Amino acid sequence: MKPEEILASARTIAVVGLSRDPGKAAHGVPASLQAHGFRIIPVHPSATELLGEKVYRSLEDIPEPVDLVDVFRPAGEAPDIARSAVAIGAKALWLQQGLVSAEARKIASDAGLEYAEDRCTAVVRAVAGISVA
């Protein structure tokens, strides 16, 4: 599946590493996705609320189904995040622009998850004109 298809099929996106800093891409990108109708679930180690949503400490703490796990963490953390994405039954794993991990790709692919890396979800959304009604 192409990145555009992965994003178009998602409704609920868990964002691992969503930032408190509005000046960072790890805040602005999820905010843009939220503004276009996606349900954003922040995963952050200490915040309690981001983008008006309750924050969870880990993917495993999220009490609802997740379509896409969007990763804003260093590539070295991606394999463990991929394992968590598999464990929660996510449909896809996406490493943001600048992030590449052969191990995370293998973990996700072997478990049947769709996978994208080194692409920005907000750019893909804008170029493809994807919005959730």
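# Burial, cores and an arginine

Visitor: What covers the buried residues of H4?

Guide: Helix H3 (78–87), strand S6 (92–95) and strand S7 (114–116) are among the elements that cover them. Cover is judged by contact, meaning heavy atoms within 4.5 Å. Helices (H or I, at least four residues) and strands (E, at least two) are DSSP runs, numbered from the N terminus. This is a predicted model, in which local features need pLDDT of at least 70 and side-chain atom pairs count only at pLDDT 80 or more, while totals for chains, interfaces and linings use all residues. Residues are numbered from 1 along each chain as its sequence is written, and side-chain values use heavy atoms, with hydrogens and water left out.

Visitor: Which residues of helix H4 are called buried?

Guide: In H4 (residues 102–110) they are Ala104, Ile107 and Ala108. Buried means under 20% relative accessible area, exposed over 50%, and partly exposed in between (1.4 Å probe, protein chains only).

Visitor: Why are they said to be on the same side of H4?

Guide: Because they cover an arc of only 95° around the axis, the arc being that of the directions from the helix axis to the C-beta atoms. Ala102, Lys106 and Asp110 are exposed, on the face turned away from the buried side of H4.

Visitor: Which residues of helix H5 are buried?

Guide: Thr121, Ala122, Val124 and Arg125 are buried in H5 (residues 121–128). They are placed on the same side of H5 because their arc around the axis is only 165°.

Visitor: How do you know that arginine 125 has no salt bridge?

Guide: A salt bridge requires a side-chain nitrogen of Lys or Arg within 4 Å of a carboxyl oxygen of Asp or Glu. Lys and Arg count as positive and Asp and Glu as negative; His and the chain ends are not counted. For arginine 125, the nearest side chain of opposite charge, aspartate 70, is 11 Å away. Arginine 125 is therefore buried without a salt bridge. Leaving out residues up to four places away in sequence, arginine 125 touches Leu7, Ser32, Leu33, His36, Phe38, Ile130 and Ser131.

Visitor: What makes a set of residues a nonpolar core?

Guide: The residues must be buried Ala, Val, Leu, Ile, Met, Phe, Trp, Tyr or Cys, joined through side-chain atoms within 4.5 Å. The largest such core has 25 residues, and Leu7, Ile13, Phe38, Ile40, Leu68 and Trp94 have the most contacts inside it. H1, strand S1 (12–16), H2, S6 and H5 each give two or more residues to this core, and H2 gives the most, with three. Another core, of 23 residues, lies apart from it and includes Val16, Ala78, Leu95 and Leu113.
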